[in-house]
Amino acid sequence: MMELHILGTASARPTSTRNVSGSVLSTEEGLVVIDAGEGFQNRYSAQRSLMKRSGQNASLRPHKIAAITLTHGHLDHTWGLLPFLQTLALDGRNHPLMIYGPTSQSVWDALQSNGFNAEVPENTPSADLINQYRAWFQLGAKSNELGYEVRWMLGEPHSNKWVELNPDGSSLMWHEQMPQPEPFKSIRLDALATKHSVPSCAWQITKAARYTRTISDPFETWIMALSLSHPQCRFIRSYRPPICCCISSIGMFMFCNCARSPDSSRLLKNSCSLACIS
Ligand SMILES: [Zn+2]
């Protein structure tokens, strides 16, 4: 069973009832954080307390985080990441963590031509994740300073090509496909390009057939695209096979796809539970 913990769905600024973006998807093979806006770790901690009081604390233990996925580089989606990484270090994390985010083709080209320290193209938005990764490296987000391995992935979601930045060795490693988190054996993460003012993507989480409920459900796919506008949702819905769209009452867009059972309400009822404190 997958559980989605929605910890923030507001747009660029928090409101009195909603925090900025950040959610945690719990799977059998590990947790996936989707965006980490300002104050993310406070909300995560509060949600763990809530789960503990209901006797379900184990499912959200931070050492089970396999990946942190960023939809784009606007700060309401990323400002909480660095302090969260440092908290994981204080908690004694000692196993690898994957971090994924989108960038543009032009940044990709610059890195490919000129290496780790490549100058970014002049028109690169300040919020492009290449700029934030580099700022975080300066502020201590290197594996040798955190005490656990962080694998920093930047992808161009249209072509699905990925580069891994290694700030400890100032080097790059190129990947033809998105490397998967080590604990994932039957669950797969993929980036789907979306339209925004900066490079952006939605995150698709697919569970292989043997873990689904019935033989008639060959796979389940979740696509999480937080705080997107209706045109962006329409764009995502153009993907094939068709994706059923559920728009929650709190403004988060969830897309569930089941190849032979496009009944999203049934999928939501049977395959996940939602917990919201935002
Ligand atoms: Zn944005």
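**Close-up views of a predicted model**

**View 1. Strand 3, an enclosed strand.** Strand 3 is largely enclosed by the rest of the structure, because six of its seven residues are buried. Everything shown here comes from a predicted model, so please read each view with that in mind.

**View 2. Strand 3 and its two partners.** Start with strand 2, residues 22-27, which pairs with strand 3 in the antiparallel sense over six bridges. These two strands form a hairpin, with two residues between them. Now look for Ile34 in strand 3: Ser23 stands opposite Ile34. Thr69 in strand 4 also stands opposite Ile34. Strand 4 runs parallel to strand 3, and four bridges join the two.

**View 3. The largest nonpolar core.** In soluble globular proteins, nonpolar side chains tend to be buried together. In this model, the largest nonpolar core has 49 residues. Leu31, Val32, Val33, Ile68, Ile99 and Leu154 are the residues with the most contacts inside this core. Strand 3 gives the largest share of the core, with five residues.

**View 4. A visit to Ile99.** Which residues is Ile99 in contact with, leaving aside its neighbours within four places in sequence? One is Ile68, and the others are Val150, Arg151, Trp152 and Met153.

**View 5. Helix 3 and its buried side.** Helix 3 spans residues 81-90, and its buried residues are Leu81, Phe84, Leu85 and Leu88. They lie on the same side of helix 3, because they cover an arc of only 100° around the axis. An α-helix has 3.6 residues a turn, so residues three or four places apart point the same way.

**View 6. Where to read the model with care.** The mean pLDDT of the protein is 79, and 74% of its residues reach 70 or more. Over residues 210-219, pLDDT stays under 50, and the model has 21 contacts beyond four places in sequence for them. Residues 240-278 also have a pLDDT below 50; this stretch has 82 contacts in the model beyond near neighbours in sequence.

Note on methods
Residues numbered from 1 in each chain as written. Predicted model: local features only at pLDDT ≥ 70, side-chain atom pairs only at ≥ 80, totals over all residues. pLDDT = per-residue confidence, 0-100. Contact = placed C-beta atoms within 7 Å. Buried ≥ 20, exposed ≤ 12 C-beta atoms within 10 Å, placed from the backbone. Arc of directions from axis to C-beta. Core = buried A, V, L, I, M, F, W, Y, C linked by C-beta atoms within 7 Å. Pairing = 2+ DSSP bridges.
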